[in-house]
There are 2 protein chains.
Amino acid sequence: MQDTPGSDLDFIYGQFENFIQKFFSEREACYEYGELFRPLYYDLCEFVGRKGKRIRPLLLMMSYRALGGQKSFSDESVLRCAISLELLHSFILIHDDVIDRSEKRRGLPTFHKLVEQRLNRLDGQERVGQNVAVVMGDMVFAMAIRALLEADLPAEVRDRLMGRFLGYATDTGCGEIYDILLGVRDITRVSREDILKMYHLKTTLYTFEAPCAMGAILAGASEGKVKLLCEMAEPLGLAFQIQNDLLEFSHFESDDLLLSTDILEGKKTLLIREAFDRLNEVDKTFMQMCLNAPVRTESTILKVKDLIQKSRAVAYLEQKSLELFEETDRKLDAAEFSEHERQELRGMFKAIQQQVRVVSAAPQAPKKSKIFSS
Amino acid sequence: MQDTPGSDLDFIYGQFENFIQKFFSEREACYEYGELFRPLYYDLCEFVGRKGKRIRPLLLMMSYRALGGQKSFSDESVLRCAISLELLHSFILIHDDVIDRSEKRRGLPTFHKLVEQRLNRLDGQERVGQNVAVVMGDMVFAMAIRALLEADLPAEVRDRLMGRFLGYATDTGCGEIYDILLGVRDITRVSREDILKMYHLKTTLYTFEAPCAMGAILAGASEGKVKLLCEMAEPLGLAFQIQNDLLEFSHFESDDLLLSTDILEGKKTLLIREAFDRLNEVDKTFMQMCLNAPVRTESTILKVKDLIQKSRAVAYLEQKSLELFEETDRKLDAAEFSEHERQELRGMFKAIQQQVRVVSAAPQAPKKSKIFSS
């Protein structure tokens with residue numbers, strides 16, 4: 001694996017994609033609720049089946065193997081655990097998109113927009129679409145748990161997995177609530193710590209920690225090793241989210257204003273916070289005014305863009321995200337794994353970094369400073 | 001139990017109420033997400049702790065005992081199963097209230113209104129309240145499953161319970177979607193069968209079938225007996241919902257227009273459908289116009305009320321609901337239970353009917369016709 005992380009990843013990816021299709025075909029009989037519901041099931045198949053990065057299932061399957069898991073990647077018990085995380089993700093996306101009133105997801109309509117489109121002659125179709133999507137999200141959450149429940153595993157392994165899974169789902173919910181509540185606070189009342197906490201709860205835990213921990217548990221790893229993996233997932237998760245902020249901003253800088261939902265929504269991202277910190281008092285006031293405007297117009301949005309550029313926060317965060325990727329590697333080097341495990345995990349982190357990386361390595365050697373220690 | 005269903009019910013009710021408090025106290029440590037989240041946890045405690053009928057936990061505990069369960073009602077494994085259904089109910093209510101934009105629940109603010117009130121100086125507080133409530137509902141769903149997962153039970157019993165629980169949650173979701181989609185259809189395109197199906201999926205299954213089946217499984221009952229109980233739950237569930245329609249309408253008839261959300265929302269209830277069927281062509285047209293009006297004004301609502309009264313559908317449904325209660329009793333008499341089981345179950349159904357009954361028995365002897373057979 002260490003020589004060809006890319007092609008290995010392609011293989012696992014392919015296995016997983018096939019399984020999604022198989023899973024939804026088999027599952028169809030459980031959703032035989034009649035003609036009114038059927039199109040929604042197909043919409044869901046399409047939504048979950050859209051080309052995505054599949055970070056969570058890939059990480060789960062790779063960490064399973066890295067920690068000594070012996071089953072092949074076509075084994076259904078492994079694939080069921082993997083799909084439970086992908087379905088958790090789909091459920092979160094469906095609700096998130098309703099909450100943010102987003103219109104696009106993976107280049108196609110969000111779930112509530114799909115429903116809305118089916119109702120195009122009706123009054124109140126927008127609200128109906130959102131309402132149906134909320135409930136459909138709930139059903140996907142139940143589907144995710146069922147996938148895990150039905151994995152053919154020893155009872156105690158499944159209990160450990162289920163306990164973790166529900167814990168992560170809860171953490172993620174709290175992170176989303178932080179996101180909503182911080183979004184309506186004035187930027188001066190949102191600390192960097194608040195944002196880091198929100199990022200950790202909302203994304204890192206279910207995207208990086210959950211698959212690493214669950215893959216390891218599935219392989220029969222000790223709690224000690226699971227804990228080490230969780231520690232490595234932390235900087236990786238933050239790096240991923242910084243890269244995400246930067247990606248959104250690059251769309252924003254190019255042209256597609258509609259794509260950068262976070263800025264349109266007045267979300268308190270780390271980019272906004274870091275930019276704000278670097279502005280002089282006059283510019284800070286401008287930024288505050290723009291973020292607090294009840295309706296964001298093109299001019300307020302462009303002003304925010306200018307202020308972010310002026311702050312040079314982008315360069316700072318590019319550097320930080322690279323350092324965070326390195327932090328994961330350093331933690332791996334220091335952790336008590338066998339040489340084989342370490343090699344496998346290195347391949348896994350490398351492959352995942354390639355999947356998520358937007359910003360490529362800067363030419364200068366990155367500093368080894370402790371990140372966000374202040 | 002058969003002699004004093006009332007006082008026995010009071011005892012079980014008391015045990016369960018005490019457990020809710022204990023559960024939320026113990027659980028608090030799992031929701032230690034900081035000061036921003038803490039008030040929401042307390043709001044949730046208040047919301048779940050509000051005086052309710054507790055039909056689901058009571059039915060679960062009583063059917064457990066009726067089918068030979070030996071543990072006392074202070075046993076945590078039984079109480080955890082019971083609370084999992086009450087939490088499922090809370091989760092459903094929280095989402096339902098957001099979907100219907102309801103303002104009151106059990107005489108107090110709905111969950112999203114509680115959140116909204118905490119944000120009273122902010123712009124967009126209404127939407128923030130709804131968004132937070134959607135996510136909080138998700139977290140309550142996870143809490144419900146966790147309660148069941150942590151019940152100290154043999155693995156195979158818990159798996160059976162969990163499988164059923166997730167199935168019922170899924171059915172309920174589909175029922176809610178039917179409710180939403182039928183709500184925006186013209187009444188002429190909503191059949192009585194559509195409404196009966198929606199009632200069954202949305203309410204009967206998780207309110208009556210789930211607790212009966214889960215209580216029986218917990219007691220170690222065979223699948224055969226579980227199935228018999230499910231068949232008895234069906235007419236009981238429909239009777240309950242008819243009584244609910246009638247209760248809403250009686251509020252509506254008295255004065256409190258705000259209370260009758262279903263009619264305000266243009267929901268396709270059985271009462272609306274039965275009334276429509278009994279009207280002449282001119283009145284049918286009026287009813288259609290009122291139900292389809294994009295904004296319901298006082299005059300359209302009063303017109304609907306008049307038409308329902310004119311139709312005499314209320315008297316018909318009062319009679320039907322009494323017949324349905326009897327149908328449950330008849331099914332019990334015919335089912336293959338031991339005499340002891342039958343006696344216990346009779347006590348249970350009697351106690352629950354007293355809890356849910358709004359309309360008291362009519363003086364004339366009810367007919368034994370098959371209900372809704374056409």
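Modeller: Between chain B and chain A about 4,700 Å² is buried, and carbon and sulfur atoms give 70% of that. Buried area here is the accessible area (1.4 Å probe) that two parts lose on being put together, summed over both. This is a predicted model: local features need pLDDT of at least 70, side-chain atom pairs count only at pLDDT 80 or more, and totals for chains, interfaces and linings use all residues. Residues are numbered from 1 along each chain as its sequence is written, chains are lettered from A in the order in which they are written, and side-chain values use heavy atoms, with hydrogens and water left out.

Colleague: How many residues of chain B are in contact with chain A?

Modeller: 52 residues of chain B, against 52 of chain A, with contact meaning heavy atoms within 4.5 Å.

Colleague: And how many salt bridges across the interface?

Modeller: The rule finds two, taking a side-chain nitrogen of Lys or Arg within 4 Å of a carboxyl oxygen of Asp or Glu. A:Asp159 forms one with B:Arg158, where the closest N and O atoms are 2.5 Å apart.

Colleague: Which helix of chain B gives the most to the side that touches chain A?

Modeller: H7(B), with 17 residues; helices are DSSP runs (H or I, at least four residues), numbered from the N terminus.

Colleague: Switching topic, what is A:Leu87 in contact with?

Modeller: Leaving aside neighbours within four places in sequence, the partners of A:Leu87 include A:Phe23, A:Phe24, A:Val48 and A:Met143.

Technical notes: Helix = DSSP H or I, 4+ residues; strand = E, 2+ residues; numbered from the N terminus.
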